[in-house]
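These are my notebook entries on a model of two protein chains, set down in the order of looking things up. The sequence and coordinates come before the entries.

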Amino acid sequence: MIEQSKRQRAERAHEATNNLRLDRDALDILARDGLISTRMHQDGLALLHPAHSWGQWTLVLLAICGTTLILSGIVFFFAYNWVVLSTFQKFSLLQGAVVITASGATLASNRSLLSQLLLFVSSVLVGVFLAVFGQIYQTGADPWQLFALWALLILPWTLLSAFALQWLLLLALLNVALALWWDRLPFIWLAEEEGLLVSLALLNGVVLLVREGLVGKVQFGWLDGVWTRWLLAGAVLALLFTPLMALATGEANTSLETTVGIFALLAYGVIFVTYRFVWLELPILAMWALCLCILVLFSFTSLASDWGWGDIAITLVAAFLTLSLFTFAARYLKTLVTKSGEIE
Amino acid sequence: MSDQSKRTASAPAFQWSDFFSPQEAPKLDLWLDEQERRGITLDRPAIKACLSTVQEARSEASPLYLRVLTAIGSIISAALLIYLLYLFGILHFSIVSEITNGFLFLALSAVLFPRGAQQDQVGLRHDFQLQISLTFLQMGKLLLVLGFGEFTYDQLGWQNGWGVSLTLAALMGVSFALFRLSFERLLAVLAFLLSVWVNLLFNPLNGDVRLLFSLWLLLHVIAVGWCLYKPVFQYRLSGLLDGLLLSLCFGVGIIAMEAEILSQGLLALPHDMQLGQFSNLILLGGLFVLLFWIAAPMNVSKKTLLGAVAGALIPALLSEPGILLALGLMILGYATHKAHQSILGIVFGLFFLSRYYYLLDMTLMAKSMTLILSGTALLAGAGLIVWFGLYRPVEEGSGHDA
């Protein structure tokens, strides 16, 4: 029995080496055991890391660090001289910096690393300009207006940038603007936390929807990075977790809380169906499963407490419920991993 | 067409993601096929048998998100079961009860953990058995740490946390011996190493704290080097390297921020260690070992190697161990195709670089000039790479080496 098992495992490992990718460790082990020559070892390493790849890596590292240090130096320079600068000089300098970086982005080769970085810096400087404008003229505008205007001003650049980080900046600004605006809402019944959470979830959800609609198209290749999907879906799940928890534990007392809870439940359902059947996205399903396990556990303890169960009974059932829930979740995800052929 | 010319023809443009990890490596089988087409005779069965060790270690590990999910589940259920035992009156928070129950649950965990033929099974029963085993393991570990910690503190009169460290070391040994799960091992390694850092800070026994702290740092660097030079052990002891790197980040973070910790009273450190220079030397040594590990098997020119060494010396001259470690992590992540190590290095580097300039004892004006000059120096370095064309793929037959 043991021999058979060993043989089966050896066969499986043997088959699995068919999917093994070349890496430094594998090459070192083969060279150490004399199974490949020194020349082959060197060739393999050169294939993994051609000489120019280290050059490119160092170039990017130096360029990013150098640019960041110079920009920080400029910021420190103005911070030191800020008091002695006239209003005209302050605006000229900031506007000049925006114009220079934006022009640099235009002149640099289209959608290159440099042009994307310059456009990003320019977008950040627009925010600095608006903050200084508000400080000097004491406009009395609400903070949300600053963020909304900032987002509006960088929108055209963002549309042209083809740069995920630039879009992330715009989305962050919109989220902050919306959250700040919510406090100013005249409709009292809406201006509650639940309404804000749903609005933020809708905003991020719509962006996620647009992303999914565009991904895969040649001109939107920059959206292919799967991290954008994880980030947006994760944000929607996190934002809707509290209303869903309120619904599940029976703490949704008002009609608004119940409505929002039902909406959150539907959104969780849509996310599951989308990332299980349309695009199989296992990390999102893992986040979804984690939220659901915690949700079921909390709703059980809340309900059991309402039913008058004692501490021992609640803890006993909760412990076995946790074991079962996480086991089922892991089993389900493992099945999907096997189907998708994902091996770490 | 030679391999060299193929590389030249297929070298793609640099993408953002390439900074974290270079483009995906080719499949080993395809590479071996290509070597055979070039007339090289290979012992394919022997190669496959040799690599099955690596593959076995890798296929053991489920994707990270799955391991995290399982770990969270086992921690929650362990906490609930400990509370349940307490409610039943089976567990008392006394030394004897904690140690007895700790050993009991550790033994149960070891018995239930799927091994041999069981390990190959798939299905709900197997997963449930694994989840229960991990839950019992967390319970056993927690209770043993509590029990032995109290025992050494109260009964042996150690009056410090070294009892906890010793228990964690023993539990780490148990994890490596009995539980072939890389995430579990990573947590075990990390818990032990971090406990030693903390004990060295607050309870440095009778030794010179500076010497002990430096020695512990040196041991980390040696262990990381050992993992790199002995990849087979790295796979057999999966989780060790990542645990060492995370612990190194913690230790170097303490060393780098010692002055602030002391001045702002964040922690009541009993000693003024002033470890900056010691740790710089150790980390610089580690960085040289890493560069040598990367360059040794390749046909690297002296000029390139000298450039890399000079590049490593610059952060060392800044006397900022955090930046040195960040650079090492970024290089290691890129060399081993492990993006998580690169990301760790970037986060660490961003924090310590901004902290370095923020803390410079200068006027804002002088600081501004220093920033602009150092930024210009880095851009000049980038300019040299462009000037010598080191970022471009090697032309066929040019004889241009690395």
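Entry 1: chain B as a whole. I took helices (H or I, at least four residues) and strands (E, at least two) as DSSP runs, numbered from the N terminus. On that basis I counted 18 helices and zero strands in chain B. I note here that the model is predicted. I then looked up burial in chain B and found that 49% of its 402 residues are buried. I also looked up how far apart in sequence the contacting residues of chain B lie. Among contacts between residues at least 6 apart, 68% join residues at least 24 apart.

I turned to the polar side of the interface. The rule finds three salt bridges across the interface of chain B and chain A. One of the pairs I looked up is B:Asp127 with A:Arg331, a salt bridge whose closest N and O atoms are 2.7 Å apart. For residue pairs in polar contact between chain B and chain A, both at pLDDT 80 or more, the count is five.

Entry 2: cysteines. How many disulfides are there over all chains? The count is zero. I looked up two cysteines to see why. The closest cysteine sulfur to that of A:Cys65 belongs to B:Cys249 and is 17 Å away, so the two are too far apart for a bond; the cut-off is 2.5 Å. B:Cys249 in turn has its closest cysteine sulfur in B:Cys227, at 15 Å, which is again too far for a bond.

Entry 3: I located A:His41 in helix α3 (residues 38-48) of chain A. Is A:His41 buried or exposed? It counts as buried, because its relative accessibility is 10% and the limit for buried is under 20%. Its side chain makes a polar contact with the side chain of A:Asp28, at 2.8 Å. Leaving out residues up to four places away in sequence, I listed the residues that A:His41 touches as A:Leu27, A:Asp28, A:Ala31, A:Ile36 and, from chain B, B:Pro297.

I followed A:Asp28 back to its helix. Helix α2 (residues 24-32) of chain A is mostly covered, with seven of its nine residues buried. Among them are A:Leu27 and A:Asp28, both of which A:His41 touches. Just after α2(A), I noted a positive phi of about 70 degrees at A:Gly34.

Entry 4: helix α2 of chain B. I looked up the buried residues of helix α2 (residues 28-37) of chain B and listed B:Leu28, B:Asp29, B:Trp31, B:Leu32, B:Glu34 and B:Gln35. B:Gly39 follows α2(B), and its phi is positive, near 95 degrees.

Entry 5: B:Leu237. I found B:Leu237 in the loop between α11 (231-236) and α12 (240-256) of chain B. B:Leu237 counts as partly exposed, at 26% relative accessibility. Neighbours within four places in sequence aside, B:Leu237 is in contact with B:Phe176, B:Arg185 and B:Trp226. I also checked B:Arg180, which is 57 residues from B:Leu237 along the chain; their C-alpha atoms are 8.7 Å apart.

Entry 6: A:Trp157. I placed A:Trp157 in helix α7 (residues 143-161) of chain A. A:Trp157 is partly exposed, with a relative accessible area of 23%. Not counting residues up to four places away in sequence, its contacts include A:Val98, A:Ala102, A:Leu119 and A:Gln166.

Notes. Residues are numbered from 1 along each chain as its sequence is written. Chains are lettered from A and ligands numbered from 1 in the order in which they are written. Side-chain values use heavy atoms; hydrogens and water are left out. A salt bridge is a side-chain nitrogen of Lys or Arg within 4 Å of a carboxyl oxygen of Asp or Glu. A polar contact is a pair of N or O atoms within 3.5 Å; within protein, one must be able to donate a hydrogen and the other to accept it, and residues adjacent in sequence count only if both atoms are side-chain atoms. Buried means under 20% relative accessible area, exposed over 50%, partly exposed in between (1.4 Å probe, protein chains only). Contact means heavy atoms within 4.5 Å.
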